[in-house]
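Here is a short report for a reader new to this structure. Please look through the sequence and the model before reading on.

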Amino acid sequence: MIQTNSVPNEQELQLINKYTRRPLNKDEVYIFSVVLCDNDIDRDNESFSTNALYQMKSMFLGKTGIFDHNPSAENQTARIYDCYVEQLKDKKTAYNSDYYRLVAKAYIPKCSRNNDLIISIDSGITKEVSVSCAVNNTFCSICGSDTHQNKCSHKAGKKYGNNICHTILDSITDVYEWSFVAVPAQKQAGIIKSYNKYKGDAYRMDNILELIKKGKCITLSEDDCKQINDKINKLETLANDGQVYKQDLQKSVIRLYSLDKPTIPSNIINSFVSKMDIDELKAFKNALENQNTNNTQIFYNSSKTMNSIKNNDFNI
Ligand SMILES: [Zn+2]
């Protein structure tokens, strides 16, 4: 939920000016607060621990907000200059704990380019944001077991006595972005989490690829880009090797088939061989080779027979 504060005070202006190229005055910026996330159970039956909220507090400082998780430069219009965790005394979470939320204060430079965004925030059209982060540890709220390491029998969303089972997200390793989500098109509203299941780069890469497969928009760090580039290079090498292997197989099949059926025109053989996949080519090659080996075998046996006859003859 976004709340507008309109004009910054002196202290806020100082915080904002840490991120600006030249000091801005209070009339040049538009400020607002936004709840990034809280410790309540979300639609994925997950909740951040309060520890996780405090960890994200410093990570979100200076992060720019984008529209609908589209990280192109012209979308990066708002920047977080202050972030804090607050408790709402009169509110409890669904699992009956004290309610905490992570609130960010952000500014937008007042300029014609940002007018529409400011109007949409003021009018309540833009009132939600979603965040994206990497989580290192996840626990079952019922038994406390690490949900990645030991799968317990508790099912998230199910009630055990008075307790709703949910996954507690703890130990945040990174936050990637926060994004305005236009209402009512809230397709991506909510929190996008990635889990460092194996706590390594390989897992993060798997995660990125999984999110891409699902069609989610994500922000990549410079290191992510390098890793994706390495992966593409490796895949290209493998694809080239595969291509060479396939071409060799095709040549072998064409050669063997032409020997076996010399009356079939080569363009017809080429045409059906080009349509075969690797498994078909391998099966075909094996069959043709076995046939030829059997022929050789027969030939060899007959010559052996011939030899033995000769030897017998000789023996006589
Ligand atoms: Zn459990």
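Is Asn96 buried or exposed?

## Asn96

This is a predicted model. In it, Asn96 is exposed, because 10 other C-beta atoms lie within 10 Å, and a residue with 12 or fewer counts as exposed. Asn96 sits in a loop. Strand E5 (78-92) and strand E6 (98-109) are on either side of that loop.

The backbone at Asn96 has a positive phi of about 65°. Yet Asn96 is not a glycine.

## Ser171

Ser171 also has a positive phi, of about 55°. Ser171 is not a glycine. Its place is in strand E10 (residues 167-182).

How exposed is Ser171? Ser171 has 16 C-beta neighbours inside 10 Å, so it counts as partly exposed.

## Helices H5 and H6

Now to the helices. Helix H5 covers residues 222-260, and helix H6 covers residues 266-274. They pack at an angle of about 140°. Their axes are 10 Å apart. The crossing of H5 past H6 is right-handed.

Which residues make the contact? From H5 come Gln250, Val253, Ile254, Tyr257 and Ser258. From H6 come Ser266, Ile269, Asn270 and Val273. Five residues of this contact are nonpolar and four are polar. None is charged.

Note on methods: Residues numbered from 1 in each chain as written. Predicted model: local features only at pLDDT ≥ 70, side-chain atom pairs only at ≥ 80, totals over all residues. Axes fitted to C-alpha atoms, helices over the stretch in contact; angles between N-to-C directions. Helix = DSSP H or I, 4+ residues; strand = E, 2+ residues; numbered from the N terminus. Left-handed = near helix turned anticlockwise from the far one by under 90°. Contact = placed C-beta atoms within 7 Å. Nonpolar A, V, L, I, M, F, W, Y, C, P; charged D, E, K, R; others polar. Buried ≥ 20, exposed ≤ 12 C-beta atoms within 10 Å, placed from the backbone.
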